[in-house]
Amino acid sequence: MNTITVNGRQHSVEGVPEDTPLLWVLRDHLGMTGTKYGCGVSECGACTVHLDGESVQSCVTALSEVGEGNVTTIEGLSEDGTHPVQKAWKEHNVPQCGYCQVGQMMMASAMLKKNQNPSDSEIDEEMWNICRCGTYNRIRAAIKTAATEMRNK
Amino acid sequence: MSTTESSSVSRRDFLAGLSAGSLVLMAKASSAGLTVTGATPETVESFDPDLFVSIESDGTVNIVAHRSEMGTGIRTSLPRVVADELEADWDRVVIQQAIGDKRLGDQNTDGSNSIRFFFKRMRVAGATARTMLEQTAAEKWGVSASECRGRNHEVVHTKSNRKIGYGDLVADARELDVPKPGTLKLKPASEWKYIGKDVPVADMDDILTGKAVYGIDSRMENQLFAVLARPPVVGGSVKSVNADKALAVPGVVAVEQIPRFKGAPSFQPLGGVAVCANSTWAAIQGREALEVDWDLGPNADYDSEKFAEQLGATVSQPGTPVRKQGDVGSALKAGARTHSADYFVPHLSHAPMETPCAVADVKTDSTGKVTSCVINAATQNPQAVQQAVGPALGMKNEDVIVNVTLLGAGFGRKSKPDYCVEAAVLSRALKRPVHVTWTREDDIRHDYFHTISRIHVEAAVGEDGLPTAWLQRVSYPTIMSLFNPRAGSPASFEQEMGASDLPYDIPNVQIETGPAASHVRIGWLRSVCHIQQNFAVCSFADELAVLAGADSYQYLMNLLGDDRELDMKALKLSNRGASTDDYPYDIGRLKNVTRRVAEISGWKEKRDLPKGRGLGIACCRAFLGYTGHVVEVEVSPEGEVSIPNVWVVLDAGVIVSPDRVKAQVEGAAIMATSQARYGEITFTNGVANQDNFDTYRMAKMADAPLNIHVELLKSDAAPAGVGETTVPSFAPALCNAIYAATGKRIRNLPLNRHDLTPE
């Protein structure tokens with residue numbers, strides 16, 4: 001593979017071994033460090049990005065699997081930090097250390113694309129990301145705020 | 001308010017500000033009190049400052065944040081204190097992150113100390129600058145300084161309502177003598193506009209857009225990415241290594257051995273073999289391909305299950321008394337009834353979401369002598385980085401330049417800078433910048449683990465059901481073994497976290513310690529020995545309540561006794577080095593949070609919940625703050641526990657950033673949930689059996705508390721700890737609730753080892 005599409009732009013990945021996880025392609029080869037490493041085995045969700053609009057864990061998604069797909073990372077979630085989840089995250093002061101929040105927001109925004117009125121149990125099921133600072137309750141509240149905005153649009 | 005692009009600022013930057021005509025102030029606290037001086041090139045060199053504030057002629061106020069941001073909001077909170085006293089407009093404040101520099105004072109962002117240590121100093125610094133600006137304006141106008149007030153970035157003459165902006169006063173203010181702290185008029189609390197008020201943290205927008213730079217994100221020109229194969233057992237070393245296959249992995253540039261610590265582990269590397277590559281992934285692949293023959297060293301027979309049994313045997317025997325009141329032996333014999341229990345808490349790992357990471361650029365001369373070292377690190381303590389890297393590179397500690405990035409949490413792990421030393425020695429060897437990333441497996445396998453502990457508690461109770469004697473024996477490997485291999489029993493600072501500081505009103509008390517050797521690196525983890533000791537103490541209080549047939553809350557209040565202060569001197573308690581005038585051990589405050597948490601949880605109304613539901617209560621003074629917890633559980637017929645509600649009341653004295661405190665209180669409940677439900681690192685043959693989140697599980701949204709109700713008590717008492725304060729009483733309150741719901745008493749954590757089907 002010579003190029004991948006990230007946030008609507010083509011990026012050269014020439015010479016990058018095709019089994020390299022997308023996470024490290026983004027971070028180390030393309031210099032886009034917004035996507036975070038947490039576990040490397042799809043247990044924590046910190047590295048979540050969108051591939052053709054669906055949430056995937058970039059730590060277990062090989063470059064070869066990306067193919068012609070469109071990758072969206074936090075850098076491209078919105079132009080100016082005004083995606084409804086970003087606004088809701090700010091309104092609820094969700095982040096503590098902030099490290100996992102990128103993955104949390106990517107997971108939440110993918111969920112809200114499909115379901116703009118998630119119940120508590122649906123949120124529980126979809127949002128399996130780990131936060132060690134313990135922001136789960138605020139994340140849940142922020143998701144509901146973002147969902148309301150998205151429904152009313 | 002904004003933050004600077006580059007993460008750090010040096011004293012030199014401030015000197016540049018000086019030459020540009022800024023007013024620069026430095027404050028220093030000493031035993032004689034606090035002194036503030038105006039900075040000149042000479043005083044910057046000769047005077048040990050612990051705070052810099054500068055005001056530029058355009059009115060920009062620069063405030064140095066010298067503590068590390070790992071999620072508490074401290075990088076915002078301390079500058080807010082300065083800005084409040086200075087009457088600065090927050091929008092015109094620039095926060096600059098300090099490099100490691102002992103002249104800045106304590107930078108170890110650990111021990112829940114930041115606000116406690118620096119609240120007053122920050123206020124004085126802000127008030128000093130404001131006073132100088134007021135004086136300058138008064139002289140300009142030819143009026144009395146008492147008629148001039150700093151208000152929102154300008155000085156106002158109260159009689160004529162004339163105004164002049166701070167920036168316009170700077171040139172003249174620089175010429176004034178700095179007022180003595182005793183002459184300053186600090187703002188009364190009623191006039192605080194930032195202290196006690198919420199604001200988004202300085203880094204909020206960067207965090208939400210992925211621009212925030214953590215240690216793992218920090219980059220230096222031409223850097224290599226490194227991961228290390230470390231000895232599987234602490235104290236092991238490399239016998240031989242074959243790097244051929246590793247070097248054949250595309251992207252791998254070099255394989256380099258690094259030496260192990262000598263003597264005690266301290267903060268030096270575990271040693272091992274580094275694979276350096278053009279990406280983290282290539283380095284990881286290279287490490288997979290390494291062939292290393294290890295000498296496992298002296299800890300290769302460490303088996304934590306067997307060790308736990310040994311600890312049990314230890315606490316079944318008399319130990320070394322560390323607190324003695326009355327005659328416990330006789331009282332135990334004479335008691336109407338006695339009760340005893342043994343508690344166990346296993347090793348735990350910190351597992352911050354960002355693993356330990358640092359990048360170093362070390363330059364050497366033609367003889368190989370190190371000429372400079374710059375490190376960008378996610379560190380809780382940049383001075384500890386200097387102290388660890390300096391000797392490792394043979395350079396002066398103060399010459400090691402440490403830039404502090406944001407931390408993807410720390411919990412105590414990142415106050416131990418072994419990973420920074422790894423990056424530094426690799427950079428020296430490879431003559432280019434090297435970025436070390438710990439994989440999650442490295443992080444969990446090779447942590448500075450929370451200790452493993454057994455605690456025996458024994459009491460005699462009188463006719464009224466209250467104890468007449470309390471004997472407590474604690475045994476666990478000590479953190480001091482990190483520095484002294486012979487340290488073989490709990491240290492006094494550890495005992496004081498929930499053992500020797502027992503707050504209950506009991507005539508006969510004896511606290512004993514038993515020996516325990518260390519076979520892994522033991523480190524402090526958020527709330528440290530309170531984790532196990534308050535688990536035991538607060539659980540046992542509930543056991544006694546049940547024994548007495550009493551209401552757990554009422555019994556606990558009776559156990560705490562009359563409002564009074566513990567006699568810290570007589571009990572030989574260090575009080576974390578804090579003055580007992582400012583920070584007495586106030587049983588009244590402890591009772592108050594307990595009373596209040598019972599009220600807001602509706603304890604009385606919920607006393608008779610049906611089988612499978614229950615409330616538990618616990619309280620604790622930790623890191624000088626006071627917490628009461630009530631936890632509500634529901635336990636399904638299959639033994640599945642859910643936590644619909646947690647109520648927490650915190651009295652931490654004056655609070656600067658209420659929402660950030662509230663967030664930490666919520667987070668403490670969730671971290672403690674993880675630890676209580678799943679937290680367990682076990683060792684077989686000296687090797688940790690868990691190495692990622694599949695085997696070292698965390699509470700997720702679905703099994704964390706659904707609602708966490710936090711009340712922060714209004715207080716004008718001196719600011720106490722927060723981050724660690726509300727961890728300890730959660731787990732016992734949870735287990736007390738499980739008892740209420742199921743009749744099953746949990747004395748050994750974690751919960752997932754137990755069948756919790758209601759009896």
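This is a predicted model: local features need pLDDT of at least 70, side-chain atom pairs count only at pLDDT 80 or more; totals for chains, interfaces and linings use all residues.
Good morning. I begin with strand β24 of chain B, residues 613-622, which is mostly covered, with nine of its 10 residues buried. Here a residue is called buried if 20 or more other C-beta atoms lie within 10 Å of its own, exposed if 12 or fewer, and partly exposed in between, with C-beta atoms placed from the backbone. Helices (H or I, at least four residues) and strands (E, at least two) are DSSP runs, numbered from the N terminus.

Residues are numbered from 1 along each chain as its sequence is written, and chains are lettered from A and ligands numbered from 1 in the order in which they are written.

To return to β24(B): its partner is strand β25 of chain B, residues 625-635, which runs antiparallel to β24(B) and is joined to it by 10 bridges. Two strands are taken to pair if DSSP finds at least two bridges between them. Within this pair, B:R613 stands opposite B:E634 of β25(B). The two strands form a hairpin with two residues between them, and in the turn B:F623 has a positive phi of about 50°.

Let me now turn to chain B as a whole. Chain B contains 19 helices and 29 strands. Its C-alpha atoms fill a box of roughly 80 × 75 × 45 Å along the principal axes. The radius of gyration of chain B is 27 Å, in agreement with the value near 27 Å for a compact globule of 759 residues. That quantity is taken over C-alpha atoms, and the globule rule is 2.2 Å times the number of residues to the power 0.38. Of the 759 residues of chain B, 58% are buried. Among its contacts between residues at least 6 apart in sequence, 79% join residues at least 24 apart; a contact requires C-beta atoms, placed from the backbone, to lie within 7 Å.

How is chain B divided into domains? The assignment gives domain 1 (2-205), domain 2 (215-298 + 356-437) and domain 3 (304-349 + 448-753); such bounds come from an automatic or database domain assignment. Between domain 2 and domain 3 of chain B, the C-alpha centres are separated by 37 Å. Their contact takes 12 residues from domain 2 of chain B and 13 from domain 3 of chain B.

Not counting residues up to four places away in sequence, B:V275 touches residues including B:A226, B:A246, B:R287 and B:L290. The second residue is B:R428, in helix α12 (residues 418-430) of chain B. Is B:R428 buried or exposed? B:R428 is buried, because 21 other C-beta atoms lie within 10 Å. Leaving aside neighbours within four places in sequence, B:R428 is in contact with B:V362, B:T364, B:V370 and B:L393. B:K369 is 59 residues away from B:R428 in sequence, yet 9.3 Å away in space, C-alpha to C-alpha.

Next, chain A. Chain A has seven helices and five strands, and from the N terminus on its elements run β-β-α-β-β-α-β-α-α-α-α-α. Buried residues account for 59% of its 153 residues. Its domain assignment gives domain 1 (3-76) and domain 2 (84-151), with C-alpha centres 21 Å apart. The contact between them takes 15 residues from domain 1 of chain A and 12 from domain 2 of chain A.

Finally, where do the chains meet? In the interface, 46 residues of chain B are in contact with 45 residues of chain A. On the chain B side, α6 (204-209), α8 (280-289) and α18 (658-678) each give two or more residues. The largest share, eight residues, comes from α18(B). By class, that side divides into 27 nonpolar, nine polar and 10 charged residues. In this scheme Ala, Val, Leu, Ile, Met, Phe, Trp, Tyr, Cys and Pro count as nonpolar, Asp, Glu, Lys and Arg as charged, and the others, Gly among them, as polar. Thank you.

Conventions
Two residues are in contact if their C-beta atoms, placed from the backbone, lie within 7 Å.
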